Amino acid sequence: MTSRRLLLSLLLLACAATAHAGEEQRVRVLVRFRDGIGPLQRAAVSRHEGRIERELAIGTDGVAAVELAATDVAALREDPRVALVEPDPVYHAAALSRAELVPTLANGLYGLVLTKATAAHARHVTGGGVTVCIGDTGIDAHHPDLAGAYAGGFDLVDNDEDPDIGNDPGLGEHGTMVAGVIAAAFNRKGVHGVAYGATIRHARVLGPTGSGRGSDVMSAVARFADEGCRVINLSLGSDQLSSIEEDFYHDVLQQHPDLLIVAASGNGGHEGISYPARFRDILAVGAVDRTTAIASFSNTGPELGVVAPGVAVLSSVPRGAGSEAFVTAGKTFDAVPMGLAGQTNGLRGRLVDCGTGNTAGEFPRAARGAIALMRRGDAFFYEKVEHAMDAGAVGAVIYNNVDQEITPTLLNDTASDGRRWIPAVMVSRLDGTLLQKRRTATLVNGPSDWNFASGTSFASPHVAGVAALVLSVNPALSRSALIDLLESTAADLGEPGPDPVFGWGLVDADAASRAAAP
């Protein structure tokens, strides 16, 4: 069989079948006929026991959607009146909220692949029976990916028993994302978490600005510990050493030898782990990207335990507060929404290469009314997009100049003269080079219940989720035994053995949960 015929056969197998049990499988194909559609062409379809479902006028040829038995497709293709047979494509609504995203290295759930959480899930290890506690901003407790896992909590900012953000998404984007990385439901919507079978308890300890007091964090940790929580995630940090805090964490961990605290190493991009991650017996987590390179912002130091994905991670956000983005030009290219950019559910137009977009002179006349394609580098994103707007562009696609991903933003709510931003997204370096060869494109940057973010804040909950998977296999593990498992089974990166950049390496959910089995 030729490769072309093999490809066609494989595609046809993916077509929607209409047969019932015991009947021959039927498929739907598009057929281009020679010399239009007339009695002879209809007779050819009937001869192969097919049925024309729809006729289309495309150019001078006749095209029809035909339903027929899969075994008759090859014969129809050989009919002298037929020029071409192809599968009738199945289209799905282009909205992340309509279907569960399948984790791959090419999308925002790559963390589930790199940490081998997907392999653990395949063995039905999902974190069931384990509660992970979170100290963070507020949470959208009614988010479709979190409502089932949420088991209550408390608010130490407003001093009440409800950390739910209500109608104010600004109170809980960070906390909602952290919770989603850990335990977003496997429910045919959006995303799912590392330990999607686990339960979460949530404490609001950070206010609207994303900051809070160490005393509130300590108070939440103490309450969680007394409640019997096994894993606490703290995607927060400070560079200020407090001996009181140090003593507190030492005491609470001494009193609760089965409690694991997982904390972010910090986003300063310097040597020196943030607190409380730096304290003894707390598992400090750094961030890597999908190539397992250390993130440029990830703090390093000898206290680092392990690393986990933390660059361009896709997770839940307060409902309606997120964005989903992609560019379609012959194929669909994943994109990261440009923070604060305009939104669109589908902007179609010419795709015009505008170089770097750093100067007005790089924009040809063809950019007016078009989508400007620009390369990252040398100027701020907002400068490039404003130049595109000055040239009359209605949308912007910026492609990366390095392989490491970032979470881009325009920094300001509007352009310098008060104009609202046009829709703008970012694609990878490779996809940018491919888009340079395309003449038209459709840009999508629309509202969503999910979004991308980067930071050790999102590496830490990957590890907290893995810890929940391990504890669901063996709940008798002490903290020291659990840390030993997570570190000893991690995939070594960088220099052989533990080092200050990667710690013991990339956490491995599958290996750790297998090793934990009694």
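## The second largest pocket

The lining of the second largest pocket divides into 11 nonpolar, 9 polar and 2 charged residues. Here Ala, Val, Leu, Ile, Met, Phe, Trp, Tyr, Cys and Pro count as nonpolar, Asp, Glu, Lys and Arg as charged, and the others, Gly among them, as polar. The volume of this pocket is about 510 Å³. Of its 22 lining residues, Glu173, Ala321, Gly339, Leu340 and Asn451 are the closest to the centre. Helix 6 (173–183), strand 15 (336–337) and strand 21 (450–453) each supply at least two lining residues.

Some terms come first. On a 1 Å grid over the protein atoms alone, a pocket is an open set of points with protein on both sides within 12 Å along at least five of seven lines; a cavity is a set where a 1.4 Å probe fits but cannot get out; lining residues have an atom within 4 Å of a point. Points are joined across faces, edges and corners, and a volume is the space filled by probe spheres set on them. Helices (H or I, at least four residues) and strands (E, at least two) are DSSP runs, numbered from the N terminus.

## About the model

This is a predicted model: local features need pLDDT of at least 70, side-chain atom pairs count only at pLDDT 80 or more, and totals for chains, interfaces and linings use all residues. Residues are numbered from 1 along each chain as its sequence is written, and side-chain values use heavy atoms, with hydrogens and water left out.

## The cavity

The structure holds 1 cavity of 30 Å³ or more. About 70 Å³ of space lies in the largest cavity. It has 14 lining residues, and the closest to its centre are Leu109, Val181, His192, Leu314 and His462. Helix 4 (110–114), helix 6 and strand 12 (313–316) each give two or more residues to this lining. Strand 12 gives the most, with 3 residues. By class, the lining has 7 nonpolar, 7 polar and no charged residues.

## Nonpolar cores

A nonpolar core is a set of buried Ala, Val, Leu, Ile, Met, Phe, Trp, Tyr and Cys residues joined through side-chain atoms within 4.5 Å. Buried means under 20% relative accessible area, exposed over 50%, partly exposed in between (1.4 Å probe, protein chains only). The largest core has 101 residues, and Tyr249 and Leu486 have the most contacts inside it. Helix 11 (residues 456–473) gives the most to this core, with 10 residues. A second, separate core has 23 residues, including Val352, Ala367, Phe381 and Trp421.

Contact means heavy atoms within 4.5 Å. Leaving out residues up to four places away in sequence, Tyr249 touches Val217, Met218, Val221, Leu234, Ile261, Pro276, Phe279 and Ile282.

## Alanine 117

Ala117 is in helix 5 (residues 117–122). This alanine is buried, with a relative accessible area of 0%. Neighbours within four places in sequence aside, Ala117 is in contact with Leu112, Val194, Leu469 and Ala509. The C-alpha atoms of Ala117 and Ala69 are separated by 40 Å, and the two residues are 48 residues apart along the chain.

## Strand 13 and its partners

Strand 13 (residues 322–329) is largely enclosed by the rest of the structure, because 7 of its 8 residues are buried. Two strands pair if DSSP finds at least two bridges between them. Strand 13 and strand 20 (residues 440–448) run antiparallel, joined by 7 bridges. Strand 13 and strand 14 (residues 331–334) also run antiparallel, joined by 4 bridges.

Thr328 has a bridge partner in each neighbour strand: Thr442 in strand 20, and Thr332 in strand 14. The hairpin of strand 13 and strand 14 has 1 residue between the strands, and Gly330 there takes a positive phi near 85 degrees.
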